[in-house]
Amino acid sequence: MTKLKEWVGDSLDVQTSEFRDILLRGVDLLVDQYQQIDDQLGYHYFDPAEVASWFDETLPDAPMDLDELFQLIQDKVVNTATGNLGPHMYAYVMSGGSQISLVAEQIASCLNQNIGKWHLGPAMTEIEKRVVQWGADMIGYQHQAGGVMLSGGSAANLAGLTVARNLFFESEEIRRRGLFGRKPFTLYTSSEVHGCIDKSVELLGIGTDHIRKISVDDQYMLRTDELRSQINQDIADGLQPWCIVGTAGTVNTGAIDDLDALADLAEEYQMWFHVDGAYGGLAAQLDGLSSYYQGISRADSVAIDFHKWLYQPFEAGCVLVKDWSELKRSFYKKAEYLSTDFEGDGRLNFNEHNFQLSRNCKAFKVWMSIKAYGMKRIAAMIKKDIDLTAYLADQITKSSDFEIKARGPLAIVCFSYTAGSQDPALVEHLNKRLIPALESDGRVFITGTNIHGEFVLRACLINHRKTKASVDHLLEVIRDVGKSLLD
Ligand SMILES: Cc1ncc(COP(=O)(O)O)c(C=O)c1O
């Protein structure tokens, strides 16, 4: 292969045979990834300056030889990629994607539909509507849900809180008049809430001074008694309680708040009830877990995230609300160039229901995965992740050199490597040193967090390629690297 050459007329396209060769080259690269997936390192350590140097060039006017380009991609992008696909990733909330989604992404990218207006992507628009409804079904959301696919959990929470703000103050025409001159309103959530709620409150002009972070109990669930006192206090202080945000799967430990109790309080005080289900929402479909999610269906808005526990590649978040009209009332803007005056009825135009105009079809990969695998098999993978997490917790408990620190009902375990020491200060110091040491080692990728003021390791297992052997490998590698730090 050399440079692109067999042009189709005066365009950027090349003739079919050349195009096919390039596509197959890409396909080979992808298939190779899957062939080596079990051996994929968790992380490849490089100095940032070195990585920057690989790509440090001025804007290239001339084309590159395709052999060289593919080699560059293989060496510097593929072979250095963080191991999100493989079973040795435990950091943050990283799912391993799926083969079917990969094919879907290629098809979607080829068709280049714009899901901003119905007639720019009729089938993809209807598919997105269907996936929104399936997402609602998965969490047992009983409303005739409206919803929209967004980049991820952060965007879905921001969208949910935007609807909450715009509708709660709709009669005051807040979209037109802004927040100027009105009395402050307050949002209530737990101290374990994800940082995107803070960011959303900042972006919405409410200010983080108006977030009340309620403390959590020993299960890391929001204390509802404290919540009630805080609401009463704020009312007495002349503030306006506005929104309760419950979390269905906290990022630190996977705790699920008592959503029914939060819904009761929201109802009693006539507040908006939003649930951040970005991490844990989709596990609500598992029979054995439904009791944890009681009350989620009473939420006014819910953020879910298919690029977490539905094994989709980034990006695939989704916000759900009780019906489509709520989204339209929050986001619709008339624009002559988007007029639907000359179009038939029954078309749902996504640009009227969210902030973005041009949008790719994030729902397509979700739809194709669910169709190809069937929901039963996907749900079985979620269950397997939870079972493997129980196995990991069990191995930790049985060991004499690890200690469990927190364990929610989902697929996160917080723990420490103690090396057999009973000295908390020494253990904490050792675990802090483990993070960069494990990064340089690269065999597994795990990060830490702070719970109740203590630094701990945190493993999140949402990858259908994990096995008991890969979980054992995690502890072996930590032990190995930990010991080397003690030498
Ligand atoms: C509970 C929770 N909410 C929100 C988010 C943010 O999601 P995203 O990274 O897709 O923006 C995360 C991410 O891990 C999360 O765990």
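Modeller: His452 is exposed, because 12 other C-beta atoms lie within 10 Å of its own; a residue counts as exposed at 12 or fewer such neighbours, as buried at 20 or more, and as partly exposed in between, with the C-beta atoms placed from the backbone. The model is a predicted one, in which local features require pLDDT of at least 70 and side-chain atom pairs count only at pLDDT 80 or more, whereas totals for chains, interfaces and linings use all residues. Numbering starts from 1 along each chain as its sequence is written.

The loop that holds His452 runs between strand S10 (447-451) and strand S11 (454-460); strands (E, at least two residues) and helices (H or I, at least four) are DSSP runs numbered from the N terminus. His452 is not a glycine, yet its phi is positive, near 45°.

A positive phi is also found at Tyr92, another residue other than glycine, with a value near 50°. Here the loop connects helix H3 (66-78) with helix H4 (99-111). Tyr92 counts as partly exposed because it has 16 C-beta neighbours inside 10 Å.

Phe314 and Glu315 are joined by a cis peptide bond, with omega about 5°. Glu315 belongs to the loop that lies between helix H11 (306-309) and strand S7 (317-321).
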